[in-house]
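Here is a short report on one protein chain. The model comes first, then the reading.

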Amino acid sequence: MALTENKNIQGQPDVLPAALFGLCPRCGQKTLFANLTAFAGKCRSCGLDFSQYNVGDGPAAFLTLIVGAVVLGLALAVEANFHPPIWVHILLWVPITVAAVVGSLRLSKALLLILEHRNQAHEGHIDNDDAP
């Protein structure tokens, strides 16, 4: 199933638009985030408790490494082709890096929460009912 497909009929938003715009995975209202990257406690519209989902900090580490590698490659290419002074690099790459990390972090955290809601994922546990 593609990320943009919607298999349910309850009026829930598609996965990618919901992640891009911070929509509640249940009702589709723009209530997922309390601020730039922090989730709200619950949906102000339908009351879905966002704290029950465990997105964690995994996306932050991967995105920082990926964005860092891309920005480093671009900075090296600019340096090799144009030889700007160091202050140009600082003025150019610091805001680009911050915007790329924060933007991709917001998107990835929303995507993980929405997919966790859609798939009804939760922490695993071992059933010891069959133990001797």
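## Helix 2

Helix 2 covers residues 58-82, 25 residues in total. At 1.5 Å a residue it should span 36 Å, and its end C-alpha atoms are 36 Å apart, so the two agree. The expected span is 1.5 Å times one less than the number of residues. Helices here are DSSP runs (H or I, at least four residues) and strands are runs of E (at least two), numbered from the N terminus.

The buried residues of helix 2 are Pro59, Leu63, Val67, Val71, Ala75 and Val78. Buried means under 20% relative accessible area, exposed over 50%, and partly exposed in between (1.4 Å probe, protein chains only). An α-helix has 3.6 residues a turn, so residues three or four places apart point the same way. The buried residues of helix 2 pack against helix 3. Just after helix 2, His83 takes a positive phi of about 50°.

## Model and overall fold

This is a predicted model: local features need pLDDT of at least 70, side-chain atom pairs count only at pLDDT 80 or more, and totals for chains, interfaces and linings use all residues. Residues are numbered from 1 along each chain as its sequence is written, and side-chain values use heavy atoms, with hydrogens and water left out.

The protein chain has three helices and zero strands. Its elements run α-α-α from the N terminus. Of its 132 residues, 29% are buried. Contact means heavy atoms within 4.5 Å. Among contacts between residues at least 6 apart in sequence, 50% join residues at least 24 apart.

## Cores

The largest nonpolar core has 16 residues. Such a core is a set of buried Ala, Val, Leu, Ile, Met, Phe, Trp, Tyr and Cys residues joined through side-chain atoms within 4.5 Å. Leu32, Leu48, Phe50, Leu113 and Ile114 have the most contacts inside the largest core. Helix 1 (15-21) and helix 3 are the elements that give two or more residues to this core. A second, separate core of six residues includes Val67, Ala75, Val78 and Val101.

Beyond its neighbours within four places in sequence, Leu113 touches Pro25, Leu32, Phe39, Phe50, Tyr53 and Val55.

## Surface

The protein chain exposes about 8,800 Å², with 63% supplied by carbon and sulfur atoms. Accessible areas come from the Shrake-Rupley method with a 1.4 Å probe; for residues, only the protein chains shown count as cover.

Where does Leu91 lie? Leu91 is in helix 3 (residues 86-118). Leu91 counts as exposed because its relative accessibility is 59%.
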